[in-house]
Amino acid sequence: MEKLNGKKRLKVCVFISGRGTNLKSLIKFSQKKNSKIKISLVVSNNKKAKGLVIAKKYKIKCLIVNYLNKNKAEDKILTNLKKNNINFICLAGFMKIISKKIINKYSGKILNIHPSLLPKYKGLDTHKRVIMNKEKFSGCTIHLVNPKLDSGKIILQKKIKVLKNDDEKSLAKRLIKIENELYPIALKKFLSTNL
Ligand code: GRF
C-alpha cells in the first residue's frame, strides 16, 4: 500500500487492449478527493491501443506485452506488477484470458467489466448475440475474476432496454456510457466491503 496524504491508497493496475473509456473513468475516479486508489500501471497487449494515449496523458506508467508467447507475457506482467507494488487489478476491455498464474497471485483482487447481464452472454460478440436473440434487455456486469471465463462473483450489474431499432452498434454505444459510470461505483462498493 502507498501512503498519500496520510491515507493508504491501493495501487491498481488496469489491463486494456483498445479504446480505454473504462480506463479513463477509473482514472477520473482515482483522482477524486479522498480516493482510496492510485492507478500506478496500465498493461496493454496492443501497442496501438488508444487507451495508452489516455494513460500517458495522465502520466501513468505503461507496459506493453507481446502475447505471441502467453507464458512469457504473463511472466513479464507478474514481474512488473511486483516491481510496482500492485495490489489490485481492473480488467477494462482486456481481450486476453488471464491464466491461473496471475489469478492465484491476485486471488479475490481482480475485477472485470463485461458488456452483458451475466451469467447470460459470456465471451465475445455479446451485443450481436443479444440483438440476434431479440432480447428485451441487456446491460453490463462488474464481477470478480476466477479461472472460468466471465464467471466470478457478481459485484454490480445494470440493466438497459434494448430498443426496437437497436443494432449491435447503437446498443454498444448506449451501454458503454453506463459501463463507464458503473465501473467506479462497483470498485468503490467492492473496496468498501472487502478491503
Ligand atoms: C467494454 O465494452 C467492456 O465491457 C468490454 O470491452 C469494452 C472495452 O471498452 N470488456 P473500453 O476500451 O473501456 O472503451
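User: Which residue has a polar side-chain atom that lies 2.5 Å from an oxygen atom of the ligand?

Analyst: In this predicted model, that residue is Glu 179, whose polar side-chain atom lies 2.5 Å from the ligand oxygen. A polar contact is a pair of N or O atoms within 3.5 Å; within protein, one must be able to donate a hydrogen and the other to accept it, and residues adjacent in sequence count only if both atoms are side-chain atoms. The protein covers 85% of the 370 Å² of accessible area that the ligand has on its own, by the Shrake-Rupley method with a 1.4 Å probe (for residues, only the protein chains shown count as cover).

User: Which are the residues around the ligand?

Analyst: They are Arg 19, Gly 20, Thr 21, Asn 22, Gly 93, Ile 113, His 114, Pro 115, Ile 176 and Glu 179. The criterion is that one heavy atom of the residue lies within 4 Å of the molecule.

User: What makes the end-to-end distance of helix α3 agree with its 14 residues?

Analyst: Helices are DSSP runs (H or I, at least four residues), as are strands (E, at least two), and both are numbered from the N terminus. The expected span is 1.5 Å times one less than the number of residues. For residues 70-83 this gives 20 Å, and the end C-alpha atoms are 20 Å apart, so the two agree.

User: Why are the buried residues of α3 said to line one face of the helix?

Analyst: Buried means under 20% relative accessible area, exposed over 50%, and partly exposed in between (1.4 Å probe, protein chains only). Ala 73, Glu 74, Ile 77, Leu 78, Asn 80 and Leu 81 are buried in α3. Seen down the helix axis, these residues fall within an arc of 170°, so they line one face; the arc is that of the directions from the axis to the C-beta atoms. An α-helix has 3.6 residues a turn, so residues three or four places apart point the same way. On the other side of α3, Lys 72, Lys 82 and Lys 83 are exposed.

User: What makes Asn 69 a cap of α3?

Analyst: A side-chain oxygen of Asn 69 lies 3.1 Å from the backbone nitrogen of Asn 71, at the N-terminal end of the helix. Just after α3, Asn 85 takes a positive phi of about 50°.

User: Why is the pair of Lys 101 and Asp 75 called a salt bridge?

Analyst: A salt bridge is a side-chain nitrogen of Lys or Arg within 4 Å of a carboxyl oxygen of Asp or Glu. The closest N and O atoms of Lys 101 and Asp 75 are 2.8 Å apart, so the pair qualifies. It links distant parts of the chain, with Lys 101 in helix α4 (residues 100-105) and Asp 75 in α3, 26 residues apart. Lys 101 counts as partly exposed at 29% relative accessibility, and Asp 75 does at 38%.

User: How many salt bridges does a search of the whole structure find?

Analyst: The search finds three. One of them joins Lys 120 and Glu 135 at 3.2 Å, N to O. Lys 120 lies in the loop between β6 (110-114) and α5 (126-132) and Glu 135 in the loop between α5 and β7 (137-144), so the pair ties together parts 15 residues apart in sequence. Asp 166 forms another with Arg 174, at 2.8 Å.

User: Why is Asp 166 called buried?

Analyst: Its relative accessible area is 11%, so Asp 166 falls in the buried class.

User: What makes Arg 9 count as buried?

Analyst: Arg 9 has 17% relative accessibility and therefore counts as buried. This residue of strand β2 (residues 7-16) has side-chain polar atoms 3.3 Å from the backbone oxygen of Ser 30 and 3.2 Å from that of Ile 37.

Terms used: Residues numbered from 1 in each chain as written. Predicted model: local features only at pLDDT ≥ 70, side-chain atom pairs only at ≥ 80, totals over all residues. Heavy atoms only, no water.
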